[in-house]
Structure formats: C-alpha cells, structure tokens
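Please keep the sequence and the coordinates at hand as you read.

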Amino acid sequence: MSRIILASASPRRRELLEQVGVEFEICPAKGEEVITHTSPEDVVLELSRQKAQEVAAGILSYNTSHPELTTPQDILVIGADTVVAYEGNILGKPRDEADASRTIAMLAGHTHSVYTGVALVFMDASGRAGVHSFYEKTDVTVYPMNEQEIARYVASKEPMDKAGSYGIQGLFAVHIKEICGDYNNVVGLPVARLYQELKGLGIDIREDMQEH
C-alpha cells in the first residue's frame, strides 16, 4: 500500500503501529457512534467499520473534488474499536470516580474479556473500495484488590478515559494476574493479528513501507 491511514486518535494504537515499523498517517474519525448490536464482538466490528468507512469516504470525496491536488494511489484505512466486557455486559469509560471505583471493584478477583474490532478499508487508485473486518478477544484476570488499592488507583486519574476503567500498560499492571490471548489487543490494537490478516490478503505492510 502506498498510503496507510489510522482512523484513530488513540496514542496507544499509534505507538503499537510504530513499534512494528509501519509508516502511516493519522486521521481520526469524528462521526457519532451508532450501535445496533449488543454482543461485544458485534459492537466492536460495527464501530471499527464505521470509523474506517467514515475516513475512507472523506478521502474519496476530497480526491474527487480536488483532482489537481491528489495523486492516484492505493490507500488502506485502519479503523479500530476496543471494549471491555464482564459477564456479557460492556463496560465503557467511567462517568466519574465513583463509577470507576465500582467498575474496578467488580473486575477485581475475576476474569473479564477485552474485544478489539479492526476494519480495513482498501481503496485502489481508481477509487474502488473493499472492506475486511475481524475481531480479537483476550481474557484478563485481575488479582483481588482491597478498598485502599482501588482508591489509590482511581486517585491516579488513570482510569478516567479508559474503557473498563483501567489501562493495562500503566499503573494497573501490578493488579493483573493472568492474560489469555494477545496483550496488545488489551492495549488497543492486535498488531500481530492485523499483520497476519493483511498477509493473508497478499499485503505485507512492513515490506511495502520499506520499498518506499
């Protein structure tokens, strides 16, 4: 691919793509999320597809209206969405510190699941588009936590902008007992699965980048 675009403003997703040597641009989706499903896997597939398609449509529209400024090229747009689910219920970002405390107390001593959906929108030089989607699931077990540990973590403010009220790559790492699945999936992007899915479609994004 001559141009790769990440349809996300997440610094964690950006770092993961950079970590594996992918050259890309960032163009976050800005549209309102519309959820019509209830199962975690269907929700992340739906939202990641919405993000990738929104950004791809914007690029296509711009290229059509500004042909004198654009060069025909193959484009890959990557959309992603991550949710945390416990006993089938999706846990979003906390509304406030009390909500974060309740969520962490619920997860402590138990196993929950993290789902990340990834949507890949391909556009060839003629503007024709195709979509490929998948999701990855990782099970995470949290050690039991006492009230003081929960209060200290919430006071750090780290949980406040994170689904499930925690960040596995931050201070919460000391409370993780076990992970079954891809760690990077919990961080926000299963880069190994992404690489394998693209390779299965005949695209080696690292090799493509090295050629440019």
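The largest pocket holds about 790 Å³ of space. A pocket here is an open set of points on a 1 Å grid over the protein atoms alone, where a 1.4 Å probe fits and protein lies on both sides within 12 Å along at least five of seven lines, and lining residues have an atom within 4 Å of a point. The volume is the space filled by probe spheres set on the points, with grid points joined across faces, edges and corners. Of the 37 residues that line this largest pocket, R13, K51, D81, T82 and K93 are the closest to its centre. Two or more lining residues come from each of helix 1 (11–19), helix 2 (40–65), strand 3 (75–86), strand 4 (89–91) and helix 5 (183–187). Helix 2 supplies the largest share of the lining, with five residues. Sorted by class, the lining has 17 nonpolar, nine polar and 11 charged residues; Ala, Val, Leu, Ile, Met, Phe, Trp, Tyr, Cys and Pro count as nonpolar, Asp, Glu, Lys and Arg as charged, and the others, Gly among them, as polar.

A word on the ground rules: this is a predicted model, in which local features need pLDDT of at least 70 and side-chain atom pairs count only at pLDDT 80 or more, while totals for chains, interfaces and linings use all residues. Residues are numbered from 1 along each chain as its sequence is written, and side-chain values use heavy atoms, with hydrogens and water left out.

Now step back to the fold. The chain has seven helices and seven strands, where helices (H or I, at least four residues) and strands (E, at least two) are DSSP runs numbered from the N terminus. Along the sequence they follow the pattern β-α-β-α-β-β-α-β-β-α-β-α-α-α. Among contacts (heavy atoms within 4.5 Å) between residues at least 6 apart in sequence, 70% join residues at least 24 apart. Buried residues make up 44% of the 212 residues in the chain; buried means under 20% relative accessible area, exposed over 50%, and partly exposed in between, with a 1.4 Å probe and protein chains only.

Which residues have the most contacts inside the largest nonpolar core? They are I78, L120, Y166 and L194, in a core of 39 residues. Strand 3 gives the most to this core, with five residues. A nonpolar core is a set of buried Ala, Val, Leu, Ile, Met, Phe, Trp, Tyr and Cys residues joined through side-chain atoms within 4.5 Å. Leaving out residues up to four places away in sequence, L194 touches L17, I78, V118, L120, F134 and L189. Another core, of 11 residues, lies apart from it, and I5, A7, V77 and A119 are among its members.

Strand 6 (residues 129–142) is where T138 is found. With a relative accessible area of 0%, T138 is buried. Neighbours within four places aside, T138 is in contact with H112, S113, V114, I179, C180, G181, D182, N185 and V186.

I176 belongs to strand 7 (residues 176–180). I176 counts as buried because its relative accessibility is 15%. From I176 to V142, 34 residues apart along the chain, the C-alpha separation is 4.7 Å.

Backbone angles deserve a look too. Most residues other than glycine have a negative phi. E87 has a positive phi of about 55 degrees although it is not a glycine, and E87 sits in the loop between strand 3 and strand 4. S165, also not a glycine, has a positive phi of about 65 degrees and lies in the loop between helix 4 (147–155) and strand 7. Is each of these residues, in turn, buried or exposed? E87 is exposed, at 66% relative accessible area, whereas S165 is buried, at 0%.

Finally, S8 lies in the loop between strand 1 (3–6) and helix 1, and S8 is buried, with a relative accessible area of 6%. Residues up to four places away aside, S8 touches R13, I26, C27 and P28.
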